[in-house]
Amino acid sequence: MKSRITSSTGGAGRKGILASMCLALVLVVAAVSSVNLALTGISLDLGTTSSQLTWIADGYTVALAALVLPFGALGDRFGRRTLLLIGTVVFGLAALCAAVAQSAGVLIGCRVVMGIGAAMIMPGTLSTITAVFPAAKRGRAVSIWAGFASSGAILGLLTCGFILEWATWRATFVATAVLAAVAFAAALMLTPNTCDPNETVIDMPGYLLSGIGIGALIFAIIDGAEAGWTATTAITGLVVAATALVSFVCWELRTPTPMLDVRLFRLRGFSTGTLGLTVQFLCLFGFFLVGLQFLLLMLGYSPLHSAVCLLPLGMVVMPMSRVAPHLVEKFGQRAVMSTGLACLAAGLGLLSLLDGDSSYWHFLAGLIVVGFGMAFTSTPATTAIVTSLPRAKQGVGSAVNDLSREFGSALGIAILGSLYNAGYRNSISGATVGLPPEAAHHVEESAGAGLAVAARMGPSGQQLADRTRDAFAAGLGDALTAGALIALLAAGFTLWRAPRRNALVTAQHDELDELDELLVDELRAIAASTHIPEAMMT
């Protein structure tokens, strides 16, 4: 059955829809990355611990990843724009509350509520595009959406860096609330409300189990990286996650009306597209975590300067995302997606060679290769997911797409972050001999603290500064090498498993959708000309 749309959309209307959905998407994605630049100011202002800083950054991601799947299904039933508009209100109000927060606990709570709002917003952006664009134009629209999904993090970093040059971290949340208001107005004026009420069901056990399972899993990953994998909270989180997710799979296989039919992962395009996006964002946000530290600490750049230095990534991703659909048409999904993941591995491999003597030009070389990898992975992976499903399931397909990105982001921060910390601490341990216990503890905690202690020691601190830079390079190398290996393994799996072309069933679904639309339009025209009630005609 075709997606129900409450207003007609022509070519000009579709451009407005695409613009408003990309704006809403950037709002969500930018909030994941931009807070990283503000953490130093937040720590000084609120006196937070390192664990609290971790949750200020990741509370948003946990809530978004845990709820994006059920909210995608709810949008299918009750209206994608409706849920998106509610989400922007929740998101914007939470951002305003964060701007005036006076404690770390309140700020963490505000970030969690922002994540809930983001989970309402994000599924509707892609599913609305796939619902209103005809099959012939859908690939190009999805490629533009994917380009903004990949470069939105850079835009968030750039905006945050610009604000921090002249204002405090609180102003970044005010700016986020203003952007939420603009996104609300754009969606309200430019976007129709699409839904599939006859195809979507309310699967409360599925919603509950998926939310608990995904939330507990990401909590365990983050807590394990922070407190250690043998910590009681991490083990408990993993047990809860495993129990909930296994129960979710069993329930979805048994219920006649599942929220997410897990059998869909048997589809080559759906499964490899999900894997490709997960790995891409694992590598991207793991790289942001350590790459920003290289610019800030090793090269001594300001937050704005560091964000500007990441702009070439977006300058590669955006145009190449437009080229990627043409490459898919010529060479197939399998070739383009696996090439993209291989480029991602190569770029991270180049960046893993950075050390204390490296310049920005060494950094830029790896960054550009990573950009090509992102563009050639994101668009075909997104297309592979959405073209594996009929239009009636685009909300859930979009939510799986979004979940892959957020889950990958959390994995990247946790896995690559823990490898970086372990590599740094192992390498710096011998350099703290002879230092006061408190100073030694600070040096072992972070490279930034190590350089600060060395600076206070005067000329005698040069050796400590050199050892700190070497330890940083060791940790960075360990983290990015692991990311490169993960991307390379994913490239191999994709080369073996991904479909060469879009599935035949997808083309059949699209043809049926187009014929259905034409038939309904004809029936409405006949009803209008003959004064027969439209309900009788349909």
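With which residues is Leu313 in contact, leaving aside its neighbours within four places in sequence? Select Leu313 and display its surroundings: the contacts (heavy atoms within 4.5 Å) are Ile154, Leu284, Phe288, Leu367, Val370, Gly371 and Met374. Before going further, note that this is a predicted model, in which local features need pLDDT of at least 70 and side-chain atom pairs count only at pLDDT 80 or more, while totals for chains, interfaces and linings use all residues. Residues are numbered from 1 along each chain as its sequence is written, and side-chain values use heavy atoms, with hydrogens and water left out.

**Stop 1: Leu313 and its helix**

Leu313 is found in helix H12, residues 311-331. Helices here are DSSP runs of H or I with at least four residues, strands are runs of E with at least two, and both are numbered from the N terminus. Leu313 has a relative accessible area of 0% and is therefore buried; the classes are buried under 20%, exposed over 50% and partly exposed in between, with a 1.4 Å probe and protein chains only. Next, draw a distance from Leu313 to Ala375: the two are 62 residues apart in sequence, and their C-alpha atoms are 9.8 Å apart in space.

**Stop 2: the nonpolar cores**

Move to Phe288, a contact of Leu313. Beyond four places in sequence, Phe288 also touches Ala153, Ile154, Leu157 and Leu310. A nonpolar core is a set of buried Ala, Val, Leu, Ile, Met, Phe, Trp, Tyr and Cys residues joined through side-chain atoms within 4.5 Å. In the largest such core, which has 129 residues, Phe288, Leu310 and Phe363 touch the most other members. Select helix H10 (residues 268-298) to see the element that gives the most to this core, with 13 residues. Apart from it lies another core of 16 residues, including Leu260, Leu277, Met337 and Ile385.

**Stop 3: aromatic rings**

Now show the side chains of Phe281, Phe285, Phe287, Phe288, Phe294, Tyr360, Trp361 and Phe363, which form one aromatic cluster. Rings of Phe, Tyr and Trp (its six-membered ring) pair if their centres lie within 6.5 Å; planes under 30 degrees apart count as stacked, over 60 as edge-to-face and the rest as tilted. The whole structure contains 15 aromatic pairs. One of them joins Trp169 and Phe173, edge-to-face, with 6.0 Å from centre to centre and 90° between the planes. Because Trp169 and Phe173 are four residues apart in helix H7 (residues 169-190), about one helical turn separates them. Trp169 is buried at 4% relative accessible area, and Phe173 is buried at 4% as well.

**Stop 4**

Select Thr468 in helix H18, residues 462-497. Thr468 is buried, at 0% relative accessibility. Not counting residues up to four places away in sequence, Thr468 touches Tyr424, Ile428, Ala447, Gly450 and Leu451.

Continue to Ala431, in the loop between helix H15 (394-428) and helix H16 (437-445). With a relative accessible area of 16%, Ala431 counts as buried. Beyond four places in sequence, its contacts are Leu464 and Arg467. Ala431 and Arg467 are 36 residues apart along the chain, and their C-alpha atoms are separated by 6.6 Å.

**Stop 5: cysteines**

A disulfide is taken here as a pair of cysteine sulfur atoms within 2.5 Å, and the count comes to zero. For Cys97, the nearest cysteine sulfur is that of Cys110, 5.1 Å away. Cys97 is partly exposed at 42% relative accessibility, whereas Cys160 is buried at 3%.

**Stop 6: the whole chain and its confidence**

The protein has 20 helices and two strands, and 55% of its 538 residues count as buried.

Finally, colour by pLDDT, the predictor's confidence in each residue from 0 to 100. The protein averages 81, and 86% of the residues score at least 70.
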